[in-house]
Amino acid sequence: MRKSKLISVIIPAYNVENYIEECVQSVLNQTYKNFEIIIVNDGSTDNTLKIIKKLAKANSSIRLINIDNNGQGYARNLALKQVKGDYILFLDSDDFIEPVTLEVSLKRIEEDKSDFVYFDWKYYNNNSEKFSYVSKELFFHKKKLVNEECQDLLGIQHYFTVNKLYRKKFLLKNNIFYGEHYIYEDIVFWVKCVLKSKVISLIQSPLYNVRINSQSTTKTNYNSSKHIDGFLKAYDSCINLFDEKSSKGKNLFQGYMMKKFLTYYTIRTPKSLKKYFSDQYYERIKNDDMNSFISKSRYINYGKKLNILKNKTAFKLFFDLYKNKNIYIKVRRLKNKVKNKVKNKVKTFIKNDKSKKINSFDMKEQILFMGFDYRYTGNSRYLFENMINNNIDIPIYFCTKDELVEDNYKVLPNTEELYNKLYSSKIVIFESWIPKKFRKPKDAIWINLWHGTPLKKMLYDSNEEEIVSVKPSHKKEKFLSIAKTDYLLTDNENVNHFFETSFLFDSKKILSFGYPRVKYLIENKNNKKLKDSIRKKIDIKENEKVITYLPTWRDYNYGDTEELDFEYFLDREKVEEFCEKNNYRLISKDHNYMRKAENISVTELETQELLLISDFLITDYSSVMFDAFAIDIPVIILAKDFEKYSLSRGVYTEIWNDLKPFVVDNEEELCKLIKNYKINDQYNYIKNKYSYRSDGDLIRFIKDILKGKVKNDK
């Protein structure tokens with residue numbers, strides 16, 4: 001068996017008695033267990049050392065190095081020279097990481113054979129105990145950067161060195177260390193990493209949590225020259241690292257440092273030293289051509305509107321804006337005026353009224369179903385019907401326009417009644433992403449039934465290149481949705497880990513109670529009367545067998561693309577003769593989000609009804625296959641575009657490998673497999689591993705919430 005790689009986590013610590021235990025615990029709680037933790041106590045004067053000693057005594061994976069105060073750069077370098085691991089992660093002692101950080105980043109660095117992995121980050125507000133995902137990087141639609149592309153990382157928002165997993169050989173071979181005895185010591189480390197890299201893996205998953213700490217090094221000492229000295233030292237340490245091959249990187253570095261200068265000059269420099277700082281920095285950059293970067297600045301554009309450009313170069317104006325307080329104030333006022341004008345264009349009910357008062361609503365012992373994006377289908381429908389049929393003595397409402405829902409239960413979407421119910425219901429049940437406009441009351445519990453067992457990679461496990469390219473805010477918006485979710489329902493505990501890595505969802509909040517829609521299938525598997533009534537709806541003859549084709553959508557067709565690719569569809573003409581000879585009726589149902597293709601007919605039957613009368617299911621990467629496995633319907637996966645799909649979205653390799661005996665890539669093989677299909681041991685293995693397997697009662701859990709037996713401690 002191949003030996004797992006050792007990861008060294010380096011934590012420099014100075015006066016962090018309030019945070020160090022949570023920081024270390026976030027490493028100890030990792031799903032990947034082969035790590036060592038090296039904590040360098042950098043001369044702390046509070047109880048930090050005492051806490052570290054206690055943690056080290058209880059955990060053999062922790063190694064303590066105790067030194068006099070020499071600064072973060074010195075502490076990190078000292079540990080870097082002593083690590084035993086193959087890979088290295090730096091962690092600030094007031095920050096913490098997600099439980100899957102080491103697992104996910106290690107998998108990618110080995111898969112890509114990269115020099116390091118760059119994963120995303122988010123802020124954690126200690127007072128509100130909430131996360132803020134504000135990253136604005138635009139390159140995450142790519143899976144990795146190669147050669148000259150690596151220099152793009154010198155244009156990032158912050159030169160953090162902590163949200164990465166580094167290959168130790170890469171760092172030592174290229175003599176990459178931190179600056180010492182000054183702040184902003186990580187800038188030179190980062191510049192060297194980027195310039196020396198050949199391959200960098202990218203993961204747009206906020207695996208690293210930056211705590212907003214008012215006592216951190218960069219948030220203090222504003223009355224001294226410490227920030228000025230650190231900034232100038234960092235600049236001088238980096239500028240000579242660039243050559244002709246890295247001119248692109250140099251321009252990005254200069255732009256980054258200019259923006260940081262403006263911030264530090266305004267906020268972190270005492271009045272008595274402002275002229276000294278600006279003169280020192282100006283002397284260093286006055287001969288560099290930075291007009292192309294600066295001319296794109298919003299401040300320059302506002303400056304032009306104020307007619308203060310005159311004979312000044314863009315560079316000179318940009319520099320003077322922050323030195324001249326009166327001009328700067330004028331520019332800020334104009335900027336805010338334009339910004340507010342846009343903000344006030346549209347005011348909706350949710351924005352200007354109820355959303356600001358959500359916590360003033362009286363919380364009621366009632367349940368509101370939001371449906372599958374307001375549709376009366378899937379898990380929401382069957383859980384709702386189960387509750388109604390069992391005479392649950394609780395007010396229950398369903399938000400939909402569907403006529404199948406009786407008026408006394410129905411709430412129409414986008415109405416004032418909806419928001420009144422939404423903000424007064426103790427329990428709200430969703431089945432997909434929660435819309436951004438819905439704000440969550442603090443005393444409510446929101447449950448997401450989700451809508452399928454994953455085969456295709458979800459959210460943070462996939463780069464989703466086409467979606468993120470068209471909509472860069474995609475993953476951040478989905479993060480906000482996840483953050484509102486208290487509990488997530490899955491069909492089988494064996495798939496829970498995919499939700500941990502893809503959604504960064506707390507494993508303790510995942511309910512493996514099984515999907516209500518699959519429970520409905522199992523309960524009605526042998527209900528001949530019901531099945532006959534469904535067959536009658538679409539005129540299926542008594543001796544006719546049904547082949548159901550349920551394809552899923554494709555990321556590579558996302559957006560306003562003129563030439564959509566439907567080559568992956570089943571070619572009906574190639575299977576019709578086979579169907580006629582063997583008395584099969586081929587019925588198709590389109591994916592709700594997928595554009596209709598002319599050669600695919602669509603039935604209006606609800607998916608679960610269609611599955612109940614199916615003798616075969618043909619699909620591709622849709623989770624509906626696991627519903628079929630649950631009731632012993634023969635499943636065939638038609639994957640004509642596997643290579644293209646893998647590059648676009650991707651599948652979970654473990655599940656795909658289990659499914660391979662049932663995969664074909666053309667209609668001829670499809671017909672052969674239908675003819676010779678057998679429910680064998682591999683079929684039953686998949687059924688038991690991934691399909692419905694309840695280990696709890698969802699309705700009872702909901703009742704316990706209403707009785708106060710389940711507390712919302714998220």
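K173 counts as exposed because its relative accessibility is 73%, where exposed means over 50% relative accessible area, buried under 20% and partly exposed in between (1.4 Å probe, protein chains only). The model is predicted: local features need pLDDT of at least 70, side-chain atom pairs count only at pLDDT 80 or more, and totals for chains, interfaces and linings use all residues. Residues are numbered from 1 along each chain as its sequence is written, and side-chain values use heavy atoms, leaving out hydrogens and water.

**Surface charge**
- K173 lies in helix 5 (residues 168-173); helices (H or I, at least four residues) and strands (E, at least two) are DSSP runs numbered from the N terminus.
- A patch of positive charge on the surface is formed by K173, K196, K198 and K245.
- Patch residues have over 30% relative accessible area and no salt bridge, with like charges joined within 9 Å and nonpolar side chains (Val, Leu, Ile, Met, Phe, Trp, Tyr) within 5 Å.
- A salt bridge is a side-chain nitrogen of Lys or Arg within 4 Å of a carboxyl oxygen of Asp or Glu.

- An open sheet with parallel pairing has five strands in the order 19-18-20-21-22.
- Its edges are strand 19 (584-588) and strand 22 (663-664), each pairing on one side only.
- Four bridges join strand 18 (residues 545-550) and strand 20 (residues 616-619) in the parallel sense; pairing requires at least two DSSP bridges between two strands.
- Opposite Y549 stands I618 in strand 20.

**Strand 12**
- In strand 12 (residues 396-399), I396 and F398 on one side and Y397 and C399 on the other are all buried.
- Strand 11 (residues 364-371) pairs with strand 12 in the parallel sense over three bridges.
- The bridge partner of I367 in strand 12 is I396.

How values were computed: Areas by Shrake-Rupley, 256 points an atom, 1.4 Å probe, with all protein chains shown as cover. Lys, Arg positive; Asp, Glu negative; His and termini not counted. Charge placed at Lys NZ, Arg CZ, Asp CG, Glu CD.
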